Amino acid sequence: MSDNVIVLAGGLSHERDVSLRSGRRVAQALRETGHTVLEADVNASLLETIASVEDPVIFPVLHGGAGEDGALRSVFDLLGVPYVGSTGPASRIAFDKAVSTPVVAARAAGFRTPRQSSLPHDMFRELGAANLIAALGEQIGFPMMVKPARSGSALGCTKVTQASELPAAIVAAFAYGDIAILEEFIEGTEVSVSVIDLGDGPQALPAVEIQPRSGVYDYTARYTAGETRFVTPADISDAEAARCAELALAAHQALGLRDLSRTDIIVRDGEPVFIEVNVAPGMTETSLLPQSIEASDSSFAEVCSALVAVARRRAEGTEPA
């Protein structure tokens with residue numbers, strides 16, 4: 001059996017730098033566990049690169065855009081090349097917050113999601129900002145979060161406390177896509193729960209509590225060492241931790257995900273509220289999935305290697321698709 005792995009990182013999204021850092025860490029981990037690793041970017045020669053490697057497994061560590069919207073994963077399926085992670089169609093649903101939140105609300109019975117409205121750019125332009133802002137403020141209330149429907153790493157996200165701040169926040173979200181999400185701001189303890197499936201069914205890892213120095217877990221807080229304090233396992237009750245794990249597993253299954261995912265949650269009044277899910281979690285030194293792995297009984301390198309083995313078995317027909 002070939003141990004060749006192509007770690008795919010970079011791409012052209014706003015999260016390129018984070019993706020490259022994640023890719024380097026995954027590649028190092030796989031080399032430590034005996035794999036032959038080729039690091040590749042998304043460019044015109046990618047298909048030639050894949051064809052040049054004997055019997056590869058692709059480990060995509062791409063964030064944003066084509067890395068998470070399922071398009072590239074659908075190409076891998078077309079080529080018959082095994083890869084780590086969720087399918088193209090499942091990734092597409094999970095990546096779009098205007099779709100994934102209602103799906104989780106409908107399928108993950110018993111769990112809360114924020115009140116939410118999606119605003120396409122053309123509607124904002126054609127119908128007039130003033131009328132829409134008044135209606136959105138009344139429907140959702142303040143404070144609210146404004147964010148792009150299809151982006152990651154908190155890019156384009158703004159907490160809005162009054163109507164006068166809404167136009168600038170919506171414009172900021174439109175810088176990262178043509179649909180803005182406006183949703184109820186949930187006050188509480190921010191945690192993240194990662195789910196991995198190494199062949200024995202999805203398992204929730206210990207929750208990570210997120211305490212940004214600035215009070216907002218934005219791009220700087222996520223990827224600058226020292227800007228955020230992480231507590232693993234999260235400083236919440238056993239009952240709250242169990243409910244967070246149940247919610248992460250319910251979201252993973254409701255969206256039809258596989259191999260790995262990370263669900264962001266706010267614990268309010270003892271109950272977890274679903275915020276969003278990520279099918280391509282960051283793998284950098286400050287990322288949440290690696291911290292969860294290290295808080296469990298596994299090592300980061302072992303998990304990366306096991307995920308490759310799952311993808312290989314799936315291609316051979318010995319692992320469920």
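**Exercise 1. Is G85 buried or exposed, and what lies across from it?**

Step 1. Take the accessibility. G85 has a relative accessibility of 1%, so it counts as buried. The cut-offs are these: buried means under 20% relative accessible area, exposed over 50%, and partly exposed in between, with a 1.4 Å probe and protein chains only.

Step 2. G85 sits in the loop between α4 and α5 (88-95). Helices (H or I, at least four residues) and strands (E, at least two) are DSSP runs, numbered from the N terminus.

Step 3. Look along the chain. D259 is 174 residues from G85, yet their C-alpha atoms are separated by 5.1 Å.

A note on the model and its numbering: this is a predicted model, where local features need pLDDT of at least 70, side-chain atom pairs count only at pLDDT 80 or more, and totals for chains, interfaces and linings use all residues. Residues are numbered from 1 along each chain as its sequence is written, and side-chain values use heavy atoms, with hydrogens and water left out.

**Exercise 2. Find the place of R314 and its separation from D69.**

Step 1. R314 belongs to helix α13 (residues 300-316).

Step 2. Its relative accessible area is 14%, so R314 is buried.

Step 3. R314 and D69 are 245 residues apart along the chain, and 22 Å separates their C-alpha atoms.

**Exercise 3. Which salt bridges does K147 form?**

Step 1. A salt bridge is a side-chain nitrogen of Lys or Arg within 4 Å of a carboxyl oxygen of Asp or Glu. The whole structure holds 16 of them.

Step 2. Take E183. Its side chain meets that of K147 at 2.9 Å, N to O. E183 is in strand β7 (residues 179-184) and K147 in strand β5 (residues 144-148), so the pair ties together parts 36 residues apart in sequence.

Step 3. Take E276. The closest N and O atoms of K147 and E276 are 3.2 Å apart. E276 lies in strand β13 (residues 271-278) and K147 in β5, so this pair ties together parts 129 residues apart in sequence.

Step 4. Check burial. K147 has 3% relative accessibility and counts as buried. E276, at 18%, also counts as buried. E183 is buried too.

**Exercise 4. Describe the salt bridge between R213 and E227.**

Step 1. The two side chains meet at 3.5 Å, N to O.

Step 2. R213 is in the loop between β10 (208-212) and α10 (219-223), while E227 is in the loop between α10 and β11 (228-231). They are 14 residues apart.

Step 3. R213 is exposed at 66% relative accessibility. E227 is partly exposed, at 25%.

**Exercise 5. How many aromatic pairs are there, and which charges lie over rings?**

Step 1. There are two aromatic pairs. Rings of Phe, Tyr and Trp (its six-membered ring) pair if their centres lie within 6.5 Å; planes under 30 degrees apart count as stacked, over 60 as edge-to-face and the rest as tilted.

Step 2. One of them joins F76 and Y83: 5.6 Å centre to centre, 55 degrees between the planes, hence tilted. Both residues are buried.

Step 3. A charge sits over a ring if NZ of Lys or CZ of Arg is within 6 Å of the ring centre and within 35 degrees of the ring normal. R25 lies over the face of F300, 4.7 Å from the ring centre. K159 lies over F185, at 4.3 Å.
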